[in-house]
Amino acid sequence: MSHEYVPEIAVDREGKEHVVQGWQGDYEGGKLGFWLFMLTEVLMFGAMFMTLTYYFTLHHADFIKASSELDRTLGGVNTVVLLFSALTMGLGLLKMRSGDVKGAKLMIWLTILLAAVFLGVKAQEWTNDYHEGIFLGLDSMQAGGGKSFGEILFFGMYFTMTGLHGFHIIIGIGLMLWLLKRINSGKVSPDHHILHFNIALYWDLVHLIWVFVFPYFYMTGAGVIHG
Amino acid sequence: MSKSYFDETHCAFGHPKSTFMQWMLTVDHKRIGIMYAVVMFTFFFVAVAAALTMRFELFAPGQQFIDAHTFNQAFTLHGVVMVFLFIIPGIPAVFGNIVMPLMIGAKDVSFPRLNWFTFWLYIVGCIVALSSLFNFNIADGSLVFNFADTGWTFYAPYSLNTDTNVVTTLVAAFILGMASILTGLNFLVTIHRLRAPGMDFFKMPLFVWGIYATAWIQLLATPVIGITLVLALLEKYFGIGIFDPAKGGDPVLFQHLFWIYSHPAVYLMILPAFGIMSEIIPAFSRREIFGYRTIALSSAAIAGVGYLVWGHHLFTSGMSDLAKTMFSFLTFFVAIPTGIKFYDWIATMYKGKIILDTPMLWALGTIITFAIGGLSGVTIAMIGADIHLQDTYYTIAHFHYAMLGGVVFLFFAGIHYWFPLVFGKMYSEAKAKFAFYTLFIGFNLLWFPMFIAGYLGMPRRYFDYLPEFHIYHQISFWGAIIFVSGLIFMFYTLIQGMRNGKPTTPNPWNATTLEWHLPSSPPPLENHTKVPYVDFRPYEYHHGQPVVKFDENMKRID
């Protein structure tokens, strides 16, 4: 699409002129669209949280037992890492707005780094789980494999939701790399930073989901004492 | 002769020379709408063929043409294709794309490239759905028909245990759901941001209101079904007992999650159809619409209340009596805004100068068929009656009176109404009217006996039946034959009109909304050359003539 955008004018009966809003370069429209998209993400995770809550009432004791087996240290570290990445993302947007493109780029790189750390910790955690016989598709995770229905369900939902969340982190890293490319080619600048704004919004949602995932999966069984 | 959108286009990327690639890459909302229509109606005929197969089989008791298992696959194919591939993208994807931006004076939708992407996402969904039809046997290179046999509702646990291709069908439904979400998102932003100056929400044409309410449903309800299908896939592949009671799950939860989306989805289908009705009735009565605000707000009310009634699909599935009572009560509420619309339309016609052109005939026919469909819906919203009528032909007849006699009839009305706008040519009125009468008679012959059969106890989805139901199935069969003949004749007429119909002026119906004030017919690439300032209501008529007139610079001259 190479056609030039010429702002248009509509004239009313008194001869007053009104600017016609075009779809090109519509900052507010871009913002609104992305907020709506975030709403669908909330509903998607919302439906999963609802399912989880429902089964928590059905298999109460099993859920608490299964939750106590998760690694709260690694999960906690990840929570802190992700919260910090939200901070760097936000600072990056502030810097972009105030015209400090170099600072903004640095902050985006920092966010990418923290996101990668998050994924690394997550991978370690999943590997540990795997060696303990807790992973999607393993025999020990089937009915009759030694675990109760509730435990299988809990771990199943755990891998589903943290997996989907991890997928969002990966997408986020991709988006940030793309953003850096756009900044370098001058297509995102302090005057035209809707892409930066929307990616920051996305990242906020990703960390917000984790803020709910963490207590739900890791903390419900925190009071159980092993041994 | 000025250039129309058929002659030039903007592309998502590049500047392809070939006409074919220009269509494939186009971001023009009008072209995308036409492409949706072509694909959707192709699938529509596939689903009609599946339905006709079932009618043939049911002509007499016992087995005639297909066995019971194939019959199960046939009704699943009919349901899945009709619901997910045809009627859910339906009117928004076609007329929401083609007409809505024209009605609000926009050059395109807010995110044209996203629109292009959405269309292709829809195509990917269609391909995945098609791939679920057959199993390819590598050993002897044969194709085995192995479509899902679960019904379009995919109820667990059966859908998780059957050997047919449920998984690919679920993936297809998920992808099509994504496309639906993105369409809704695009339209919401377009309606919020790109209205012509001066056009506030209560100066929008009512079709735009219908699309607006629909877009919210698409956005808010579809993610839930998406994630439900993902959960079903996880259960199928990893053995997590989410829905299968044998693994500790709860099958009723699947039904809840499924209907939280799929019930609002029927309002998602009907609201833009009501929008089309609200366009046609004033245009062919030459009279300002009665109760503009009530029609606009009742669309929003239906969308809102429609969200809270899904439980009426589960009256026989095991739910607390309190929940049943509440769901039943809320379901009755939907009839109120719907009734308001109907009285408004009829009041619009009162003392109007009614012109019985084809679009108006379709609209009037729909008033009859949808009234039957809607009111029979109220009867099965009653818990007691529903226990008797659930999963019988009564419910099937209700559904088809509402969906086929409501949504699809109004879709056809819209096709006849906007046909001259889209192609700049006119179909043969006489033939189109004949097609309408054939379809209307065939439709009632086809579905009305099912009310009686269902009331007497004929269950849905059955391959065989008792001899006492023979007569109803026979009448239905002949109705189906008339209906399908009418369908073929209607499309023949439309294609004839498209090929060599008489050229029309930009406003052949003397209608008032902005899409009829384009500089040429078919419209130029970027729609209105000049955008008007909207300080008028959408349907102003005086003594049977449109009040608002524009000069060539879209300045008001009345």
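**Figure 1. A:Ser67 and its partners in this predicted model.** Leaving out residues up to four places away in sequence, A:Ser67 touches A:Phe154, A:Phe217, A:Tyr218, A:Thr220 and A:Gly221. You can find A:Ser67 in helix H2 of chain A, which covers residues 60–68. Is A:Ser67 buried or exposed? A:Ser67 has 23 other C-beta atoms within 10 Å, and 20 or more count as buried, so A:Ser67 is buried. Look also for A:Tyr158: A:Ser67 and A:Tyr158 are 91 residues apart in sequence, but from C-alpha to C-alpha they are 9.3 Å apart in space.

**Figure 2. Helix H5 of chain A, from end to end.** This helix takes in residues 149–184, which makes 36 residues. Just after the helix comes A:Gly186, with a positive phi of about 80°.

**Figure 3. Inside the largest nonpolar core.** This core has 233 residues, and those that touch the most other members are B:Ile104, B:Val208, B:Met269, B:Ala273 and B:Ile280. Let's follow one of them. Beyond its neighbours within four places in sequence, B:Ile280 is in contact with B:Pro359, B:Met360, B:Ala363, B:Ala413 and B:Tyr417. In soluble globular proteins, nonpolar side chains tend to be buried together.

**Figure 4. Where chain B meets chain A.** Chain B brings 42 residues to the contact, and chain A brings 38 residues. On the chain B side, helices H8 (166–193), H9 (206–238) and H10 (251–285) each supply at least two residues. Which helix gives the largest share? That is H9(B), with ten residues. By type, the chain B side divides into 26 nonpolar, nine polar and seven charged residues.

**Figure 5. Stepping back to chain B as a whole.** Chain B contains 17 helices and six strands. Its radius of gyration is 23 Å, close to the 24 Å that the globule rule gives for 558 residues, so chain B is as compact as a globular protein of that length. The C-alpha trace spans about 70 × 55 × 45 Å along its principal axes. Of the 558 residues, 56% count as buried.

Methods: Residues numbered from 1 in each chain as written. Chains lettered and ligands numbered in written order. Contact = placed C-beta atoms within 7 Å. Helix = DSSP H or I, 4+ residues; strand = E, 2+ residues; numbered from the N terminus. Nonpolar A, V, L, I, M, F, W, Y, C, P; charged D, E, K, R; others polar. Core = buried A, V, L, I, M, F, W, Y, C linked by C-beta atoms within 7 Å. Buried ≥ 20, exposed ≤ 12 C-beta atoms within 10 Å, placed from the backbone. Expected span 1.5 Å × (residues − 1). Rg over C-alpha atoms; globule rule 2.2 N^0.38 Å.
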